[in-house]
Amino acid sequence: MPIQNVLVLGAGSAGLMAALTLKRKLPELQVRVVRSPELGVIGVGEGTTIAFPKHFFEYLKLKPQQFYARAEPTWKLGIKFLWGPRREFYYTFAYEFQQRMPELPRNNGFYFTEESECAGPVSAFMAQDKAFPRKNEGTPLFHNNHAYHIENTKLVEWLEEVCRALGVAIIDATVTAERSEQGIAALVTEKGERLTADLYVDASGFRSELLGRTLAERHVSYGDALFCDRAIIGGWPRTDEPIKPYTVAETMEAGWCWQIEHEHWINRGYVYSSAHLGDEAAREEFMRKNPKVANEPRMVKFRSGRSARNWVGNVVGIGNAVGFVEPLEATALQVICVETSTLADSLIDSLREPTPTLIELYNRYNAQAWDDIRDFLAVHYKFNTRLDSEFWRACRNDTKLHDAEFLVQFYKENGPSVVAGAQLLHASNSFGMDGYLALLVGQGVPHQKPYQPSAGEAQVWRNKCAGWMNEAKRGLDVKQCLQAIRRGAPKWGA
C-alpha cells in the first residue's frame, strides 16, 4: 500500500522542516509531529548556506516576506576566515575563483595574490562590511548569492506556524518506541496511546531515538578527519557593533571560534578538541578572547560522524539523528534541506511506494553528501598554518582527507584550475570546485603552476579589484537593508 501517513519524532528545526517539506510537496499525506519535552531544542544562533533559501523559496515556493517578518534573519554572504598565513580570506557563495573575465585568459584563481583584497564583487562587499549594492534611488539591489544568520528559536517558531497552516498536526507527548519486523510498530505515549504510521521520521537530534537507539544502526566515525568534540557557546547583546554580512571563523588554540551576527545579539562559540585542551582551559581562552560575553557559557559535547544508512525499514533519520559535523561551514540546516527534499522526491517519484533500490539510492546519495562535508572540512584543518599549537600540528600531520585527497593533489600539480571540478566532485557536493579553491588559495597551499600574468593582464586585474571595492564602498550595510525591507523596498525577494 502507498505511504499515507507520516509520524515525525522531534519538533526542532529538523523535524519541522521534514514535516513542512513532506506536506508541501505531498499534500495528500497525513503528517504529524510528536513534540517531546525530553528532546528539547538546542536553541543556538545558526548560519546557513544558499541551500536554505533555495529549499524554501525555490523548491517549496514559500513566500520570503513571511520568513523575513517572522524569523527575522540577517544576511550572510559567506565566511570570513581568520585562518592560514593571510590576515584573512573570504569564502563566498558566488563562486568567484572559477569565474573568468572576458578580458583575461585564465580564471580569477590564477590572478589572486597576497595583495588582492577580493576575488570578485561579493568578497569585496564582505571586505567593506556591506551587504548589497545601492541602486540609484538608494534602495538595495538584492541578489541570490547569500544565505542567512538565524536565531534557532525564531526559526522554529516560523516553521511551526507554516506547518500548522499546511495542516500538520503537532502532538505534545513523551513516547517510547515499539519495534516490529519493519522497524517501528508504534510510538507509545506516557498515557498508553499507540501512535502508528506508515513511515516514521527520526528527528530526535543527538538522541537518535529510532535510528540509533531502537534500530541500532551502525555509526560511521569521522574521528580520523575531524578531531573536535566540544563547543562552548556564549554571546552578548548588540550595542553599537555593525551587523557583519558574514560568519567569522577564527583560529583558536585547539580549534576555532565562530561569530554569528543577529540583529540584536552576537553569538560566539568555541569548537575545540578535548584531547588537546581541557574544558576549563578552553572556557578560559574563550572568555579571555571574548570579554563581552554576557551569559554563562554552556558546553555541548558531540561526536562527528553519521549513521551507515539514513533510511532503515520504515524509519528515515533527518539531521542530527543521522549525523553531525561541527558548524565550520554551517552545514546543519543544509543537510536537512538535502535529506528532506530527496525524501520528498523519492516518495513523489515512487508514487509513495518506495522500492528497495530507491531506498538504497537514497542512502548512498545522502551518505555521500555527509562524506563530502567531512572531506571539505578536513581541508580546513590540514592546511591551516596560523598557529603552531599541539592541536594544529596534529591536524597538519594526521588529518585524513579521504575522497578530497586526489582533488588536493590535482590542485598541487595544476594550481587553481577548474577544468576537473565536474569529474572530481560527486553530484551531492554542494561546495563545488570553487569552494575548494577558496580554501586552498586562501590558505596559501603551494602548487606547481604559478601563473605570471603579463603587465596588461595584471593591470586589468587590479582595475577590476579596485572597481569591485569602490562599488562595495557605495553599498548598503545589513542595518540599512533591514530598514529598507521594513519600509517596503520593492522587489526585495529571497
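Let's start with a network of salt bridges that links Arg35, Glu160, Arg164 and Asp172. By salt bridge I mean a side-chain nitrogen of Lys or Arg within 4 Å of a carboxyl oxygen of Asp or Glu. Keep in mind that this is a predicted model, where local features need pLDDT of at least 70, side-chain atom pairs count only at pLDDT 80 or more, and totals for chains, interfaces and linings use all residues. Residues are numbered from 1 along each chain as its sequence is written, and side-chain values use heavy atoms, with hydrogens and water left out.

Arg35 and Glu160 pair up with their closest N and O atoms 3.0 Å apart. Arg35 sits in strand 2 (residues 30-35) and Glu160 in helix 5 (residues 152-166), so this pair ties together parts that are 125 residues apart in sequence. Helices (H or I, at least four residues) and strands (E, at least two) are DSSP runs, numbered from the N terminus. Glu160 also meets Arg164 in a salt bridge, again given as 3.0 Å, N to O. Those two are four residues apart in helix 5, about one helical turn.

How accessible are they? Glu160 counts as buried at 18% relative accessibility, while Arg35 is partly exposed at 24% and Arg164 is partly exposed at 43%. The cut-offs are under 20% relative accessible area for buried, over 50% for exposed, and partly exposed in between, with a 1.4 Å probe and protein chains only. In total, the structure holds 29 salt bridges.

Setting aside neighbours within four places in sequence, Lys23 is in contact (heavy atoms within 4.5 Å) with residues including Leu166, Gly167 and Val168.

Last, the cysteines. There are zero disulfides, a disulfide being a pair of cysteine sulfur atoms within 2.5 Å. For Cys163, the nearest cysteine sulfur is that of Cys337, 13 Å away. For Cys465, the nearest is that of Cys118, at 4.3 Å. Cys163 is buried, with a relative accessible area of 0%, and Cys465 is buried too, at 10%.
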